[in-house]
Amino acid sequence: MWYVSTRGMAPRIDFKEALFSGYAPDGGLYMPEELPQLGRETLHEWSTLSYPSLVKELCSLFIGPELIPRDDLNGTSGDTGSAAIESVQGAKNVDIIVLLPKGHCTKIQELQMTTVLRENVHVFGVEGNSDELDEPIKTVFADVAFVKKHNLMSLNSINWSRVLVQIAHHFFAYFRCAPSLDMHPLPPVEVVVPTGAAGNLAAGCIAQKMGLPIHLVVAVNSNDIIHRTVQWGDFSLSKAVKPTLASAMDIQVPYNMERIFWLLSGSDSQVIRTLMEQFERTKSVSLPKELHSKLSEAVTSQSVSDEAITQTMGRCWQENQYLLCPHSAVAVSCHYQQVDRQQPSPPRCCLAPASAAKFPEAVRAARLTLDTPAEILALEHKEARCTPMRKGDDWTRMLRDTIEDLSQQWQRSFLNLPA
């Protein structure tokens, strides 16, 4: 399996190289050169697997031997950072650098990252939003020699491996929701995907292309660039990011849409390169009619307000005694709209990104109460550590210097040299 850049100006690479990377040198994102096509027999076999076994089977179609990298670089809008830290904290052969947008995620989300004081965890608090903190990461990964020298990889959905695992979500959802796999043709299932950067949406589009009969609904908050793109082909920035209750989705540059455009264009890297370079210059692009038509066929969309989020959280609690996080509520709001219209539809699954315990402000706004877990309450009393990245600082230089310092420390440790 080979991987190519969506912009077509970088050499193709194997999985190991894709894993140890983020953006491609030409500014694009890596995608498999070809997608495996799955028939009914394979879907039947996979339908009985546990989730871990399903992930293993799926990944075996795309992965050669894996190596564990030494340095991870991760920009987060709230949830990826803490999950990534949890997976590698204390490891001897991995350093993780996390950039969090100060003031743009909840206090609990920040504390989950800043209170981990392990030597291999390095958290930066950026005076900017999720789109802004992505820029220095993109600049660092554009330096191919630097990336290879320090064994860098990204742990958010810039990295292909993150999207790969998310593909399994759609297969697992399908197998749990399809009424029968003995029907001809296989029955469709609708999957509602709440998103900001469109990683899980890209995974769903790939699953479709592999032969999984799902209908995709993308659900966004008031930062609605993906909704406008699906509805009208208007891939353009608004004047500013709008703070919402679903803060991890407060994103204006959904970089994984580039993967979706590439997929739906028939892997036409020239078209994608022209499109994305124009977007980077002007912040506004109208999709070509053929590409917009294919996007509209593959995906439908809705934008959900804060008011709808709180109403959905309240309704779900009243009807099911289940407390939704505000991001999950964005997806469930789309479900309720369809239910209230009493329109016939296939079985539907809403993807749920997070726990409501991380978002007490949203729970209060929905006039609900939260039984906060003890481990969350304990965060308030822990020591925190966070390096500021202030407006006016050279964020790229700060990242590069940190990575250089960590590599030097690792080399001294490996060679047993004094500091």
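View 1. P185 is placed in the loop that runs between α8 (160-177) and β7 (189-194). In this predicted model, the peptide bond going from H184 to P185 is cis, and its omega is near -5 degrees. For context, most peptide bonds are trans, and most residues other than glycine have a negative phi.

View 2. With a relative accessible area of 35%, S267 is partly exposed. How accessible is Q321, buried or exposed? Q321 comes out at 52% relative accessibility, so it counts as exposed, the cut-off being over 50%.

**View 3. Helices α14 and α15 cross at roughly 75 degrees.** Here we're looking at α14 (residues 306-320) and α15, whose axes come within 8 Å. Since angles from 65 to 115 degrees count as roughly perpendicular, that label therefore applies to α14 and α15. The α14 side of the contact is made by A308, I309, T312, M313, R315, C316, E319 and N320, while α15 brings P326, A329, V330, V332, S333, Y336, V339 and D340. Sorted by class, the residues in this contact of α14 with α15 are ten nonpolar, three polar and three charged.

**View 4. Q338 is a buried residue of α15.** Helix α15 covers residues 326-341, and Q338 is part of it. Its relative accessibility is 17%, so Q338 falls under the 20% cut-off and counts as buried. Which residues is Q338 in contact with, once neighbours within four places in sequence are left aside? They are Q302, Q343 and R348.

**View 5. Helices α11 and α13 meet at roughly 105 degrees.** The axes of α11 (residues 257-264) and α13 (residues 289-298) come within 10 Å. The two helices are therefore roughly perpendicular to each other. From α11, the residues involved are M257, I260, F261 and L264; from α13, they are L291, K294, L295 and A298. By class, this contact of α11 with α13 has seven nonpolar residues, no polar ones and one charged.

**View 6. W232 is an exposed tryptophan in helix α10.** Helix α10 takes in residues 225-232, W232 among them. The relative accessible area of W232 is 59%, so this side chain's residue counts as exposed. Not counting residues up to four places away in sequence, W232 touches H227 and H292. N320 lies 88 residues from W232 along the chain, and the C-alpha atoms of the pair are separated by 36 Å.

**View 7. Helix α5 is largely enclosed by the rest of the structure.** Why does α5 get that description? Six of its eight residues (the helix spans 107-114) are buried. The buried residues of α5 are I108, Q109, E110, L111, M113 and T114.

**View 8. One cavity of 30 Å³ or more is found in the structure.** Rolling a probe the size of a water molecule over the atoms shows where empty space is left. The volume of the largest cavity is about 30 Å³. Its lining is made up of H104, N129, S130, S247 and D250. By class, the lining of the largest cavity has no nonpolar residues, four polar and one charged.

How values were computed
Residues numbered from 1 in each chain as written. Predicted model: local features only at pLDDT ≥ 70, side-chain atom pairs only at ≥ 80, totals over all residues. Heavy atoms only, no water. 1 Å grid on protein atoms, 1.4 Å probe; cavity = no way out; pocket = protein on both sides within 12 Å on 5 of 7 lines; lining within 4 Å. Points joined across faces, edges and corners; volume = space filled by probe spheres on them. Nonpolar A, V, L, I, M, F, W, Y, C, P; charged D, E, K, R; others polar. Helix = DSSP H or I, 4+ residues; strand = E, 2+ residues; numbered from the N terminus. Buried < 20%, exposed > 50% of the residue type's maximum accessible area, 1.4 Å probe, protein only. Contact = heavy atoms within 4.5 Å. Axes fitted to C-alpha atoms, helices over the stretch in contact; angles between N-to-C directions. Parallel < 35°, antiparallel > 145°, perpendicular 65-115°, else oblique.
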